[in-house]
Amino acid sequence: MRAIGDPDDSTLTPGPERLLSVNLGKPTKVDYTTAPDRLTGIDKRPVSGPVTVFPPGPKGRDGSGLRGDAVCDRRHHGGTDQAVYAFAREDLDDWEGEVGHELANGAFGENLTTLGVDVNGARIGERWRVGARVVLEVSAARIPCRTFAGWLDERGWVRRFTQRARPGAYLRVIEVGEVRAGDPVRLVHRPAHEVTVSFLFRALTTEPALLPRLLAAGEALHPETRRKAETALARSDRRAG
């Protein structure tokens, strides 16, 4: 997506960026997750018609920000700062060539499958208007887990996904409303810092030396990420001293 004007310009961005699908999951019992009761909602399927999007509440207590979507392991997923998960169709297409089979919209457990949206180049704190009313804020990167690996059933999946560093984005819900397939996605705010989704992911996985630089994203950081970055900065300061 392209912003108009300076980094804080709130003018809507014209363009072809849109939702290809809105995907919801139901609780399913599997043997490849460590979640309580062995339940997961990772098998998300496109739905027709509008879906209500809302701030779900604190992590650990509340789940998805989409009405009708299941988040079963609330120790690690869901809550206000991980209310919605977006993944680019372009990245699914790239993965198809590697895994050797079709990946349908929702195949990576994403709620929103986008087209034309630079999900991994989005900056933490960046805001998108989806459809007429909903505003979402980029908050975090998806970290691959055992459930994700079990669902894809691909050898070395966590390592392979991590190496690519194109994890998709978690989003907060700033303005509630309904979304549906075909809705335009417009950039309405882009902060003036370097912390993109991909940059954040690398800091949390393969390049921990980047952690202190995440603090440039300020209050838009997921609280758990901010604590890690603050700890890393304090250690760096002690070594320097």
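This is a walk through a predicted model, from its sheet to the helices on it and then to a few individual residues. Residues are numbered from 1 along each chain as its sequence is written, and side-chain values use heavy atoms, with hydrogens and water left out. Because the model is predicted, local features need pLDDT of at least 70 and side-chain atom pairs count only at pLDDT 80 or more, while totals for chains, interfaces and linings use all residues.

Let's start with the sheet. Eight strands make up an open sheet with mixed pairing, in the order β4-β1-β7-β6-β10-β9-β8-β12. Here helices (H or I, at least four residues) and strands (E, at least two) are DSSP runs, numbered from the N terminus, and two strands pair if DSSP finds at least two bridges between them. At the edges sit β4 (44–46) and β12 (185–189), each of which pairs on one side only. From one strand to the next, the twist averages 40°; for such angles, axes are lines fitted to C-alpha atoms, for helices over the stretch in contact, and the values run from 0 to 180 degrees between N-to-C directions. As a reminder, strands of a sheet pair through backbone hydrogen bonds, either parallel or antiparallel.

Six of its eight residues are buried, so β1 is largely enclosed by the rest of the structure; buried means under 20% relative accessible area, exposed over 50%, and partly exposed in between (1.4 Å probe, protein chains only). β1 runs antiparallel to β7, joined to it by four bridges, and Leu 19 stands opposite Thr 114 in β7. β1 also pairs with β4 in the antiparallel sense, over three bridges, and here Gly 25 faces Lys 44 in β4. Elsewhere in the sheet, β9 (residues 134–141) and β10 (residues 169–175) form an antiparallel pair over six bridges, with Ala 141 opposite Ala 169 in β10.

Now for the helices. Helix α1 (residues 89–99) packs on the sheet and touches β1 (18–25), β6 (84–88) and β7 (112–115), its direction making about 60° with that of β6; contact means heavy atoms within 4.5 Å. Helix α4 (residues 197–204) lies across β9 and β10, running at about 30° to β9.

How do α1 and α3 pack against each other? The angle between α1 and helix α3 (residues 157–164) is about 135°, and their axes are 13 Å apart. The two helices are therefore oblique to each other: angles under 35 degrees count as roughly parallel, over 145 as roughly antiparallel, 65 to 115 as roughly perpendicular and the rest as oblique. Their crossing is right-handed, a term used if the near helix is turned clockwise from the far one by less than a right angle, and left-handed if anticlockwise. On the α1 side the contact is made by Asp 94, Trp 95, Glu 98 and Val 99, and on the α3 side by Trp 157, Arg 160, Phe 161 and Arg 164. The buried residues of α3 are Trp 157, Arg 160, Phe 161 and Thr 162, and these pack against β6, α1, α2 (146–152) and α4.

Asp 153, in the loop between α2 and α3, has a positive phi of about 55° although it is not a glycine. Asp 153 counts as exposed, at 66% relative accessibility, whereas Ala 165 counts as buried, at 9%.

What does the side chain of Asp 69 meet? Asp 69 belongs to the loop between β5 (51–53) and β6 and, at 11% relative accessibility, counts as buried. Its side chain makes a polar contact with the side chain of Lys 44 (2.8 Å) and another with the side chain of Ser 64 (2.8 Å). A polar contact is a pair of N or O atoms within 3.5 Å; within protein, one must be able to donate a hydrogen and the other to accept it, and residues adjacent in sequence count only if both atoms are side-chain atoms. Leaving aside neighbours within four places in sequence, Asp 69 is in contact with Asn 23, Leu 24, Gly 25, Lys 44, Ser 64 and Asn 111.

Finally, Val 185 takes us to strand β12, where this residue counts as buried at 2% relative accessibility. Val 185 and Thr 162 are 23 residues apart along the chain, and their C-alpha atoms are separated by 27 Å.
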